[in-house]
Structure formats: C-alpha cells, structure tokens
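Here is a short note on the aromatic rings, in numbered points. Please keep the structure open while reading.

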Protein chains: 2
Amino acid sequence: MIQKVTVVGGGSWATALVKLFAECGFREAWLVHNRALSDAIQQQGHNPRYLCFAPLKMEQIDVTVDIKEALKDSGLVIFAVPSTYLETTLNKIDKDLLADKPIAVSIKGFIPGTGCTPSRFISQYINSTEASVIVIGGPCHAEEIAHQRSTFVTIGGHDNELVQYLCRRLKNDYIKAIPNGDPAGIEYAFIVKNIIGIASGIARGLQYGDNFIAVLVSNAMSETSDLIYSVNPVQRNLFHSAYFGDLLVTAYSNHSRNATLGKLVGRGISINKAIQAMEMTAEGFLASRELAAIHTQSKIKMPVINTVYRILHQHANPYHEFKLLEEQLS
Amino acid sequence: MIQKVTVVGGGSWATALVKLFAECGFREAWLVHNRALSDAIQQQGHNPRYLCFAPLKMEQIDVTVDIKEALKDSGLVIFAVPSTYLETTLNKIDKDLLADKPIAVSIKGFIPGTGCTPSRFISQYINSTEASVIVIGGPCHAEEIAHQRSTFVTIGGHDNELVQYLCRRLKNDYIKAIPNGDPAGIEYAFIVKNIIGIASGIARGLQYGDNFIAVLVSNAMSETSDLIYSVNPVQRNLFHSAYFGDLLVTAYSNHSRNATLGKLVGRGISINKAIQAMEMTAEGFLASRELAAIHTQSKIKMPVINTVYRILHQHANPYHEFKLLEEQLS
C-alpha cells in the first residue's frame, strides 16, 4: 500500500504524471528544480510552463524544491526528467535517501555519452539491480492526458506485486494501466520510437505522403523488433501498446515533439535552428547518436535509424538520404 | 514481355492503375461499364468521376466498353472493380476470352455472401488454380498516385518470372513495385485492414485521441497477424509494406474511405446514411460481415473486428461497444 508518491521533474510529462497519480487518489510530493516554478504551481494550481490548461488536485500535491522533504516516507520515486538531466538530478540526491525505496523511471532516451538506459543508469547509481527499477510509459502524449482522453499506461517491472498494485490503483474514466514483465524491452522500445518519430517527421517535411509514411513506419517496426530482441531475447508480444502502440503514437501524432523536430529538418531548417525552435527536448535527437554508436559493429540492419543519424549528426542531406532509404525499404 | 495490359473497372483505384501502367510504358485497354464514361474519358483525357485532376497518357490508352476488343492480345488482365461488382463483371465475360491469359486482381474485399477472396473467386470462375492469379496492392491511396507521390506497390504471385518482370517495369520517379510470394496472405491483409480502418474512424468519430488510436491499431495488428496465419500458415514478414504498411495507411490516412465511413458512424450518423454520404465503396463494411461469418466458430480472438461488425451490422451502440473494447485491449 503506497501512501505517497514522489515525482521528480518539472516538464510536460512529469506534469501529466503528477495529474494522473493525484486523480487516482495518491498523495504526492512533486520535486521541481527551482523555487519560482514551485511557488507558481502552488499559487496557480497548474504548471504555468507545461499543460497550463490542466488544473491539478493541489490538495493532494506538495510541490517542493526540498529533496529530503520530497523523498521522506515516499513509497515510490518516479524520475521523469529529460534523459540529459538525469545524471545531474541524481547527483544532487543523497543515495541513502533512495535506499530501499521503489524507484520508477519514465524517461524515453539514453543517458548521453553512456549508451545506458535510464533504468540501468539509476540502478548503477544506487547500487541496485537494474531489474528492481520499474519503467512507466506507453502511448501517452501528456497533452491528451491533460485533456483526460482515453490513455493506456504501461507499468513494466519484475516486482509483480508492485506492478499489479500500481495497475489496480492507476485506473479511472480515462486511464488504464497495463502490467508488463519486460521493463528492459519496453524501455528500449520507448527510446527507439523517438527516432522513428523523427524519421516520420522528416518524411512529412520532405512532402512524402501517407503512402510512403506507411512503408517507412512498417519497415521501422521491423528494425525496432530486431533491436529489442538483440537487447533482450525473451518472448514478448510486440503488438502490446507499450511497444508498437507507443511507436505509432509518436510516428503519427501531431503532438509528437520528435516528429515536429523531424518535420522542421525535412523542410530544410538547420538542425541547430530546429532544436532551438522546439521548446521541449526531442529525445530522439540524442538517442539516434547513442544508438548508432552502440550498434556501429552490430549486424542488425537499421536503415531508418541510420538515415536519421546521418541527417541529424553528420549533416547529410535529408532529400538524398531519403532517396537512398527508399531503395532499402520493402 | 507484355505489350498490352487490360484494366477492368472505372473507379478511383482502376483509374490510378491505368495511370500507373501507362506512365510505366504499357499500352492499355481500359474496360469501363458504360459508353458515356468511356466517351468522356476519351474526350477529356482524364476520368471525370474519379481523380479528375490527374491527366492520363491517352496515346497509350484505349478506353472501351467492348469486352472482346479490350481482351484481345492482352498480356495481363487486371480486375479492379469493387468486390460487390466482381461477380456481375465476370458474368459478362466469355470464359474463353480469359483462358490462358495472366490474371491479376486488385480488389480489397470478399465476394459478398461467399467468404471468398477475389483471387479464389476468379480462379474458380475460370477453372484455374487460385495460385495462378496475381494480387496487386499495398499502401497506395489512389489520390496520392494521382499526385505522383512516392508509393510502393506490391505484386504478389507464385509465377516468379511474371512477378519479377512486372516489378522491373513498374518503376519510375514515384513508383516502386515490390515482389511478394504470398498472394493469399497479402490479399487477406488487404481485406482485413479495411475493417481496421473503419475501427480507427469510429474511434475518431467518438473523439478518442491519438493515445487510444495507437493502442487500437497496435492491437488490431495482432488480430490481423493471427488471421493471416490462420488462413495461410507460412513464414512471412508482416512488416513488409503490403501487410502492416497497408494497414497503417488505411488506419491513419485522411484519404481512407473506410476510416471516413467509421468516423461518420462514430459521430452518431446511422449506418445507412453514412453509406449514402460516401460516394465510394467502403469495402470494410461488407468485409466485416463476411469475416464475422467465416470466423464465427474459430478460436481466433478478434475483438476489434467483432466490435466493428456489431456496430455496423447489429445496430450496437458505438460508444458502449468501444467502452467494452477498451477492456479487451492491452
């Protein structure tokens, strides 16, 4: 029985998680990185920077910048910061404060320069096993959660009792939580799909139509499948919403920031300017570099992901790269 | 070496095929069902009813209502009529005229009341084996072919030489043809995806958002996979554009007439009125009934398809059916 949940992060997704857990009856500590934001949320009853249209059940939420206070008596600590900030965020937290607490991550990118997934990075930091960390995700744009539109969240972990408990509690008119016993697999899927989202965006920016995007996405599913099995060769149902569902929502939704970044790049805007134009982190940008580095020697064919990598990190021309890519799709 | 191709059908997809084959250098006979249409196309250089914005290379195309003339010296006869019209179309054609000619079908629905795929129906009609009929399809909305946007077409058949020949010939700036040795499998996929397209449309009509649609479509992929393997249990790559690519383009494109039908129904418009409002056949409407009949005793779980069936054919309430469906998705 978890009385209090701690959410770490002040961005769009963290805000959606805070909303979600509050509306499912949890008491929460919400740890944000500066007092101005904490004060503003307390005063206004919503996050003025992200999902500002979504009122939060403030009577259940303590917003704070005080790490000790946020973690005190917490029954679950959820890290929901962009992957680039996880290391600095963890470095501020005394490891003892995290000891013996259930930890969850809801971060869809590698830790930069490490090729490490967030759950592995955290477990190494707290000297725990990777398997002890719970992974939360699925096809869930924060914007739609804010608007209370029907959303499936996946809770992945090996602690079956905790996973089942969270799934029972995270249930209301618009939220359904699905248990999953493959946290490593879904975490990898969460990361890869952002790169596919960028690919889909670039194609749209280049004025490819629905016919081609469908070929691109179905081929990208094949790459995703190969990658996930290479990382963790266990039997799984990739049609589960946490795998292909999340890939589809990123490749096809207008809410996808990764697809938006891709669209800008496909239209001929320079990578730096496109990144500046985005107000939020497009995790797929760095993920494509990490994944290319990890799989530089691997035998897995990943034409879509490598195309994104070359365009974003090697100044390759999107038009020419997609012409070459066309020849590799089936 | 095929000199002349015959396309049978006057609709949107037949028009796109005529355009495609002409632009890839084939001479064509285009068999339409009435002289007024034939005359109009000859005079105007395009089909005034469908894709009227797309000019056709009339110097290579003979539009005709004369069956004998259309089939004379034809090296490939492509049937591209709605599934409901295939039987009456065939009944008008002397079987001898089709004897020994390569036949292709590009029809994405069952023959009503038979549970028969178009290729099986034609092969029975001409007393040939089903395996001799070529299947043409893939994720290719006619509208995008008309606008010359990059499109992958699949040529499925067991006559490898003919399939490879057609793939070599059907290639230009915007078209790429992919060979496939599983005509029965892709034909089934072509039919099932129209029902998924209706499901996606109903969800949109009911105001579900991208988060849920992604769950719906990824679960529907699983149903599609089970169905295809039940029909023809051979190894295949479902990520090939002819299978999941075609499913995606139907579930996610605004061009999809099946999704449009679903959207109207989801918004509360009666089935009959929704069908009347559509100017083109939404193949998924009848296909859902045929498939429900075929699989009434089967052990395959098809919650998405059965939901569509109950809404379209048993007057079930879309809102309640989708609430029940939510509980069956993962």
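This is a predicted model: local features need pLDDT of at least 70, side-chain atom pairs count only at pLDDT 80 or more; totals for chains, interfaces and linings use all residues.

**Notes on rings and charges**

1. Lys95(B) lies over the face of Tyr125(B). The distance to the ring centre is 4.7 Å.

2. Now turn to chain A. Here Arg169(A) sits over the face of Phe26(A), 4.0 Å from the ring centre.

3. Next, rings with rings. A pair of aromatic rings is described by the distance of the centres and the angle of the planes. Over all chains, the structure holds 17 aromatic pairs. Take Phe152(A) and Phe212(B): their ring centres are 6.2 Å apart and their planes stand at 50°, so this pair is tilted.

4. Where do Phe152(A) and Phe212(B) lie? Phe152(A) is in strand β7 of chain A, residues 151–156. Phe212(B) is in helix α10 of chain B, residues 210–231. The pair therefore joins two chains. Both Phe152(A) and Phe212(B) are buried.

5. Compare the pair Phe244(A) and Phe239(B). The ring centres are 5.6 Å apart and the planes are at 85°. Planes over 60 degrees apart count as edge-to-face, so Phe244(A) and Phe239(B) form an edge-to-face pair.

6. The pair of Phe244(A) and Phe239(B) also crosses between chains. Phe244(A) belongs to helix α11 of chain A, residues 241–252. Phe239(B) is in the loop between α10 and α11 of chain B. Buried or exposed, Phe244(A) and Phe239(B)? Phe244(A) is buried, and Phe239(B) is buried too.

7. Last, go back to Phe152(A) and Phe212(B). Together with Tyr208(B) and Phe322(B), they form one aromatic cluster.

Key: Residues are numbered from 1 along each chain as its sequence is written. Chains are lettered from A and ligands numbered from 1 in the order in which they are written. Side-chain values use heavy atoms; hydrogens and water are left out. Rings of Phe, Tyr and Trp (its six-membered ring) pair if their centres lie within 6.5 Å; planes under 30 degrees apart count as stacked, over 60 as edge-to-face and the rest as tilted. Helices (H or I, at least four residues) and strands (E, at least two) are DSSP runs, numbered from the N terminus. Buried means under 20% relative accessible area, exposed over 50%, partly exposed in between (1.4 Å probe, protein chains only). A charge sits over a ring if NZ of Lys or CZ of Arg is within 6 Å of the ring centre and within 35 degrees of the ring normal.
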